[in-house]
Every structure is written in C-alpha cells, then in structure tokens.
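Take a walk through this fold, one element at a time. Keep the sequence and the 3D view side by side.

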Amino acid sequence: MLGSCELCKREGVRLTEHHLIPREEGGAHLDTAMLCQPCHKQIHNLYTNQELAIRLDTIERLQDDEKIKKFLKWIKKQPATRAVKMKKSNERKGKKR
Ligand SMILES: [Zn+2]
Ligand SMILES: [Zn+2]
C-alpha cells in the first residue's frame, strides 16, 4: 500500500502499520499509524516497547522526541521511490516487531 507516512510525511511511500502501543504492551486493538518502512524500523531501533507504550503513544509525541528528530530531518531528504539504506545492526538479533 502506497501513501504518505504519518511520521516523516513523505508521499508515495510503501506503508506499514505501527501499533502506537505495541501489541506486546496490550495495544493490539488500539490505535495504529501508517508509517514508511524506514521510519517504522527506526522507531523500533531507538525505543523499547515500554518506552513506546508509556511516553510515545501518539505520532505527535514521537515527532517531538529528540532521538527521532535527527532521523526525520535526514529521511525527509530521501526520495520516496528508492529504498533507503538502513543500518542493519539490529536485524540479526531476530527481534520481533
Ligand atoms: Zn516515514
Ligand atoms: Zn511498530
């Protein structure tokens, strides 16, 4: 599904569904946001499920967090049509998202 990412606001990106309160923290049936893959990955790289559930449970709060702000500044300059190269550091741990 293509659309605009709620976090970085780029348009024409492939979207994935993010549970604002992670399923592991009881958010399975609560609000979700549609995010592009780089944003979604970055959120889960930067924050634990507990942090997301407790203090980053809205898009506004996420956008206001210092850690993600730097990333957003960068990602906004990346073209939506090309896959963005991401650091693979957390990939191999087999973390469930
Ligand atoms: Zn995005
Ligand atoms: Zn997510």
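Which residues coordinate the zinc ion (ligand 2)? Keep in mind that this is a predicted model. Three histidines supply the donor atoms: H18 through ND1, H40 through NE2 and H44 through NE2. Their distances to the metal run from 2.0 to 2.1 Å. Along the sequence, the donor residues follow the pattern H-x21-H-x3-H. H18 belongs to strand β2 (residues 13-19), while H44 belongs to helix α1 (residues 37-46). These two residues are 26 residues apart, and the pair links distant parts of the chain. Water is not among the atoms, so the site may look incomplete.

The cut-off for buried is under 20%.

In what order do the three strands of the open sheet stand? The order is β1-β2-β3, and the pairing is antiparallel. β1 (2-3) and β3 (32-36) stand at the edges. Each has a single partner strand, so one side of each is left without a neighbour in the sheet.

Look at the two pairings in turn. β1 and β2 are antiparallel and pair over two bridges. One contact to find in the view is G3, whose bridge partner in β2 is V13.

How many of the seven residues of β2 are buried? The count is five, so β2 is mostly covered, given that buried means under 20% relative accessible area. Helix α1 lies across β2 and β3. Its direction makes an angle of about 115 degrees with β3. Recall that α1 is also the helix that holds H44. In a regular strand the side chains alternate between the two faces of the sheet.

Next come the charged side chains. Side chains of opposite charge can pair when their charged atoms come close. How many salt bridges does the model hold? The count is four.

Start with R55. Its side chain meets that of E51 in a salt bridge, at 3.1 Å from N to O. Why does this pair sit about one helical turn apart? R55 and E51 are four residues apart in helix α2 (residues 49-55), which means a separation of about one helical turn. Both ends are partly exposed: R55 has a relative accessible area of 37%, and E51 has 23%.

R55 lies in helix α2, whereas D65 lies in the loop between α3 (59-63) and α4 (66-75), so the pair ties together parts that are 10 residues apart in sequence. Is D65 buried or exposed? D65 is buried, at a relative accessible area of 10%.

Another salt bridge joins R61 and D57, with N and O 2.9 Å apart. R61 is partly exposed at 44% relative accessible area. D57 also counts as partly exposed, at 23% relative accessibility. Shared partners, meanwhile, join E51, R55 and D65 into one network of salt bridges.

How many aromatic pairs does the structure hold? There is one. Its members are F71 and W74, with ring centres 6.0 Å apart. The planes make an angle of 45 degrees, and the pair is tilted. F71 and W74 are three residues apart in helix α4, so about one helical turn separates them. Their surroundings contrast. F71 is buried, with a relative accessible area of 7%, whereas W74 is partly exposed, with 36%.

The zinc ion (ligand 2) is held by H18, H40 and H44. The salt-bridge network takes in E51, R55 and D65. The aromatic pair of F71 and W74 lies in helix α4.

Conventions:
Residues numbered from 1 in each chain as written. Chains lettered and ligands numbered in written order. Predicted model: local features only at pLDDT ≥ 70, side-chain atom pairs only at ≥ 80, totals over all residues. Heavy atoms only, no water. Donors = N, O, S within 2.8 Å, 3.2 Å for Na, K, Ca; no water. Buried < 20%, exposed > 50% of the residue type's maximum accessible area, 1.4 Å probe, protein only. Pairing = 2+ DSSP bridges. Contact = heavy atoms within 4.5 Å. Axes fitted to C-alpha atoms, helices over the stretch in contact; angles between N-to-C directions. Phe/Tyr/Trp six-rings, centres within 6.5 Å; stacked < 30°, edge-to-face > 60°.
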